[in-house]
Amino acid sequence: MCATCGCSGSAVIWSPGAGEPLRAGGDGPRDGTGHDRDRGHEHGHDGQYGHDQQHGHVHLPDGSHADDRGAAAGQDEAGRTVALQQKVLAKNDEIAQRNREWLCERGIFAVNLMSSPGAGKTTLLERAGRELAGRLAVSVIEGDQETALDADRIRSAGCQVVQINTGAGCHLDAAMVSRALRTLDLPRGSVVMIENVGNLVCPALFDLGEAARVVLASVTEGTDKPLKYPQMFRSADLVVITKTDLMPYVDFDAARCGDYVGQVSPQATMIHLSAVTGSGMQQWYDWLLSRVPAPAADGVPRS
Amino acid sequence: MHELAIAEGLVDAVTERLPGTRIASVRLEIGALSGVVADSLRFCFDLAAEGTPLEGARLEITEPPARCECRACGGDFAPDSPIVLCPCGSADVAVVSGQQLTITSVKVV
């Protein structure tokens with residue numbers, strides 16, 4: 001774990017029971033900050049993109065590259081102002097875009113599943129894994145700060161799973177997901193669920209390369225969640241209200257919550273369900289199945 | 001505290017563009033709808049910059065207001081909160097600007 005800032009370079013990606021974890025941060029030389037600068041914050045699909053991960057060039061917003069460092073390195077006059085016009089998260093966005101292309105080429109539908117801790121992401125995936133068996137292959141990338149407890153639950157449900165432990169990190173980033181994807185055997189026409197770290201703030205900012213963003217909120221969290229965390233709900237393609245079996249016991253106004261979702265995220269579809277009783281689950285499956293690319297025809301090898 | 005990861009990204013982006021160059025200040029634009037808190041970013045930047053050519057650099061942050069277009073009435077407006085609602089009452093709006101998180105320039109020592 002990075003002692004200075006707890007940054008994502010320390011993430012550990014592993015398949016519990018399948019040997020030693022992979023350390024996403026690598027073992028490269030460290031600089032004075034304790035940051036692993038050579039590859040700790042960027043990982044690719046090792047050559048699958050034909051992209052050299054080490055050369056550290058910068059993709060400018062206009063699509064050009066800033067490789068001509070000579071003009072910059074060591075030639076700056078003191079006090080000179082250098083215009084950059086660069087997105088701070090450009091590197092994450094670039095890796096996310098490569099993830100997206102990689103998934104698209106392979107006919108895999110990736111979902112970025114986000115919610116506060118305890119909203120029911122893992123329970124939803126467990127039930128979906130069991131009930132979709134034979135109809136849709138569901139693989140899961142599990143993001144948690146620590147432990148493989150959720151990965152164990154998902155595996156018991158019959159899904160292929162890889163665990164990312166972010167340590168002090170509060171969200172997944174595109175580089176972690178890039179590396180985790182490589183460890184899974186993802187068939188064409190399948191879905192990969194990226195269960196983000198439970199957090200309604202930070203994950204909103206980090207594109208992972210997903211095809212859809214799904215935000216969960218449970219009825220126990222209160223009606224006004226979408227208004228309190230508009231940044232998260234704004235980018236949602238689907239909002240899932242979970243734990244509806246608890247409606248008789250809590251003060252949750254489903255209609256009002258629906259209005260709030262409409263205010264911050266008018267484009268989002270909404271589903272109400274209970275992964276305990278099964279109510280509403282079919283709608284979730286219909287939503288998923290309608291978006292997954294067609295599986296390869298017989299005899300066509302998986303790519 | 002995603003500002004920590006963002007501060008890291010900021011330091012990495014500048015050191016990649018200007019390797020080995022000591023930096024005196026960094027100009028940043030943080031849009032009103034970017035989801036980033038300027039004060040948190042300042043705090044994290046000092047940590048992330050430690051031991052790099054950006055150590056001690058000043059962060060000059062501007063926070064341009066957001067601009068939206070309403071799809072219902074066609075009007076242009078600047079939302080006054082993170083919940084983007086047109087004065088006409090519609091929530092069906094396109095965010096034209098205000099989500100940016102951009103390094104505009106740096107000053108070399």
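A crossing of two helices is left-handed if the near helix is turned anticlockwise from the far one by less than a right angle. In this predicted model, helix α1(A) passes helix α4(A) in such a left-handed crossing.

**Helix α1(A) with helix α4(A)**

- Two packed helices are described by the angle between their axes and the distance between the axes.
- The axes of α1(A), residues 90-105, and α4(A), residues 174-182, come within 8 Å and cross at roughly 30°.
- Angles under 35 degrees count as roughly parallel, and α1(A) and α4(A) are therefore roughly parallel to each other.
- On the side of α1(A), the contact is made by A:Asn92, A:Ile95, A:Ala96, A:Asn99 and A:Trp102; α4(A) contributes A:Ala174, A:Ala175, A:Val177, A:Ser178 and A:Leu181.
- Sorted by class, this contact of α1(A) with α4(A) has seven nonpolar residues, three polar ones and no charged residues.

**Helix α1(A) with helix α1(B)**

- Helix α1(A) also packs with α1(B), residues 2-17 of chain B, at an angle of about 90° and with the axes 9 Å apart.
- The helices α1(A) and α1(B) are therefore roughly perpendicular to each other.
- In this contact, A:Ala90, A:Lys91 and A:Asn92 of α1(A) meet B:Gly9, B:Asp12 and B:Ala13 of α1(B).
- The residues of the contact of α1(A) with α1(B) comprise two nonpolar, two polar and two charged.

**Strand β6(A)**

- Strand β6(A) spans residues 160-165, and six of its six residues are buried, so the strand is largely enclosed by the rest of the structure.
- In a regular strand the side chains alternate between the two faces of the sheet.
- In β6(A), A:Gln160, A:Val162 and A:Ile164 point one way, while A:Val161, A:Gln163 and A:Asn165 point the other way.
- Strand β1(A), residues 12-14, runs antiparallel to β6(A) and is joined to it by three bridges; A:Trp14 has A:Gln163 as its bridge partner in β6(A).
- Strand β5(A), residues 138-144, pairs with β6(A) in the parallel sense over six bridges, and A:Val140 has A:Val161 as its bridge partner in β6(A).

**A sheet in chain B**

- Three strands of chain B form an open sheet in the order β4-β3-β5, with antiparallel pairing.
- Strands β4(B), residues 76-77, and β5(B), residues 93-97, stand at the edges with a single partner strand each, so one side of each is left without a neighbour in the sheet.
- Two bridges join β3(B), residues 67-70, to β4(B), and B:Glu69 has B:Asp76 as its bridge partner in β4(B).

Terms used: Residues numbered from 1 in each chain as written. Chains lettered and ligands numbered in written order. Predicted model: local features only at pLDDT ≥ 70, side-chain atom pairs only at ≥ 80, totals over all residues. Axes fitted to C-alpha atoms, helices over the stretch in contact; angles between N-to-C directions. Helix = DSSP H or I, 4+ residues; strand = E, 2+ residues; numbered from the N terminus. Parallel < 35°, antiparallel > 145°, perpendicular 65-115°, else oblique. Contact = placed C-beta atoms within 7 Å. Nonpolar A, V, L, I, M, F, W, Y, C, P; charged D, E, K, R; others polar. Buried ≥ 20, exposed ≤ 12 C-beta atoms within 10 Å, placed from the backbone. Pairing = 2+ DSSP bridges.
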